[in-house]
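Hi,

Here is the structure I promised to pass along.

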Amino acid sequence: MLRRWRCGLVGLDIGSSAVKAAELRRRGRKWSLAAFGVEQLPPGAVDAGVIADPDTVAAAVRRLLGRTAFRARSAAVALAGNTVMVRRITLPAMRPEELDGSVYWEARQHIPFPAEDVALDYQVLNTAAGEPDGATCEVLLVAARRDSVAAYVGVLEQAGVTVAVIDVGAFALRNALALNYDIDPTAVAALLDVGAAAVGLTVVAGGQPLCTRELPLGGRTYVEALGRELGLAAADARQLLLGHRAAGREPEEALPVVQSVNGSMVTEVAGALELFRAAMPPKGIGSLLLCGGASRIEGLAGALADGLGVGVTPLDPFRRLEPLAARSGRRSEADGSLAAVAVGLALRRAGDR
Ligand SMILES: Nc1ncnc2c1ncn2[C@@H]1O[C@H](COP(=O)(O)OP(=O)(O)OP(=O)(O)O)[C@@H](O)[C@H]1O
Ligand SMILES: [Mg+2]
């Protein structure tokens, strides 16, 4: 008998500028893209992971999933910004049954919110317990604000969608990477998601997230700088940034401003990598993979490559996905840059931790 395509969850990436949705099908070990779509949000509806206008976001999700190719009505979503915190902590090696108590005690020392306001989860990265010289174990701790989780669940309920999995953007990116690339266990790579309001930086070693941090920069930083330097309204600055003529200005006129913000971007990313240094292997990162809509900004990839001295390539979340049907939507390069988090989320299964 033929194995049927399994319908999973829809991966919903609720960003500051747009909601992105991806749905995959799996047959055996092979994954296909069943649907992908983007629905723009008005400025201010979502700000770096915080849903400011639930009605507008719910309506956008409803419109997006109302497109014919989407079938799933259960979703995996990602928390972002300061609604979630991810830390890698080192604990003395211990038996799994002892770990719960220790992790929760340790978590209290690391989390900047009152314990009753957060939902905690953790994953053991390597356990040296039981090995003769294993003195420690590494744990990846995730603390999510309960009010943020409730806000996501409420908005999606309003849109007719059940939240089955709550994830973190950095983990979704890592999963999109693992699906599409062969991971060298010795390689250390940085994933950079350049969004509208935030830049997510995650260092991945041998396929495992090592450290992650969100920088308060993004497409919006360019829009603000263009507005300031060229005296443009935000809507015109946004158009110019996309390479369109706006308010009598040619896209070339934006270049000096864009290059200057590219420089700040490189400085901030280099600074964040420097903060990670203690947690990273001495040779540092070997490559940088770029995603997010604003990663396509003119000259940014080149500035990062020059400034950090590493190879920079786009992370293609569709690289190993077959289109299931012609109606699965466009698969242009632009979609690829927007789709990584949504694809990583769509890989999750209901009941996953
Ligand atoms: N072709 C392009 N060239 C330059 N910038 C682009 C392009 N396409 C999109 N952008 C910019 O990318 C940003 C949107 O990207 P993305 O959808 O990844 O952000 P987001 O997920 O909504 O935001 P965040 O993750 O920060 O909450 C906007 O700032 C937009 O101006
Ligand atoms: Mg984003």
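To start with a loop: between which two strands is the place of A48? A48 sits in the loop between β4 (46-47) and β5 (50-51); helices (H or I, at least four residues) and strands (E, at least two) are DSSP runs, numbered from the N terminus.

Before going on, some housekeeping. This is a predicted model, where local features need pLDDT of at least 70 and side-chain atom pairs count only at pLDDT 80 or more, while totals for chains, interfaces and linings use all residues. Residues are numbered from 1 along each chain as its sequence is written, chains are lettered from A and ligands numbered from 1 in the order in which they are written, and side-chain values use heavy atoms, with hydrogens and water left out.

Most residues other than glycine have a negative phi. A48 has a positive phi of about 40° although it is not a glycine. Its relative accessible area is 22%, so A48 is partly exposed (buried means under 20% relative accessible area, exposed over 50%, partly exposed in between, with a 1.4 Å probe and protein chains only). A247, in the loop between α6 and α7, also isn't a glycine and has a positive phi, near 50°. With 53% relative accessibility, A247 counts as exposed.

A45 is in the loop between β3 (30-40) and β4, and at 2% relative accessibility it counts as buried. Leaving out neighbours within four places in sequence, A45 is in contact (heavy atoms within 4.5 Å) with V50, I51, A52, D53, T56 and V57. From A45 to A78 it is 33 residues in sequence and 16 Å in space, C-alpha to C-alpha.

Now the helices. Two packed helices are described by the angle between their axes and the distance between the axes. Here axes are lines fitted to C-alpha atoms, for helices over the stretch in contact, and angles run from 0 to 180 degrees between N-to-C directions.

The axes of α5 (residues 219-230) and α7 (residues 255-276) come within 10 Å and cross at roughly 140°, so the two are oblique to each other (under 35 degrees counts as roughly parallel, over 145 as roughly antiparallel, 65 to 115 as roughly perpendicular and the rest as oblique). The contact is made by T221, Y222, A225, L226 and E229 of α5 and V257, V258, V261, N262 and M265 of α7. Those residues divide into seven nonpolar, two polar and one charged (Ala, Val, Leu, Ile, Met, Phe, Trp, Tyr, Cys and Pro count as nonpolar, Asp, Glu, Lys and Arg as charged, and the others, Gly among them, as polar).

α7 also packs against α8 at about 45°, with the axes 9 Å apart, which makes α7 oblique to α8. From α7, N262, M265, V266, V269, A270 and L273 take part, and from α8, L300, A303, L304, G307 and L308. That contact has nine nonpolar, two polar and no charged residues.

Last, the cores (sets of buried Ala, Val, Leu, Ile, Met, Phe, Trp, Tyr and Cys residues joined through side-chain atoms within 4.5 Å). In the largest nonpolar core, of 38 residues, L192, V194, V203, L273, M280, I285 and L304 touch the most other members. α7 gives the largest share of this core, nine residues. Not counting residues up to four places away in sequence, L273 touches L201, V203, M280, I285 and L308. A second, separate core of 37 residues includes L12, V19, V155 and A170.

Cheers
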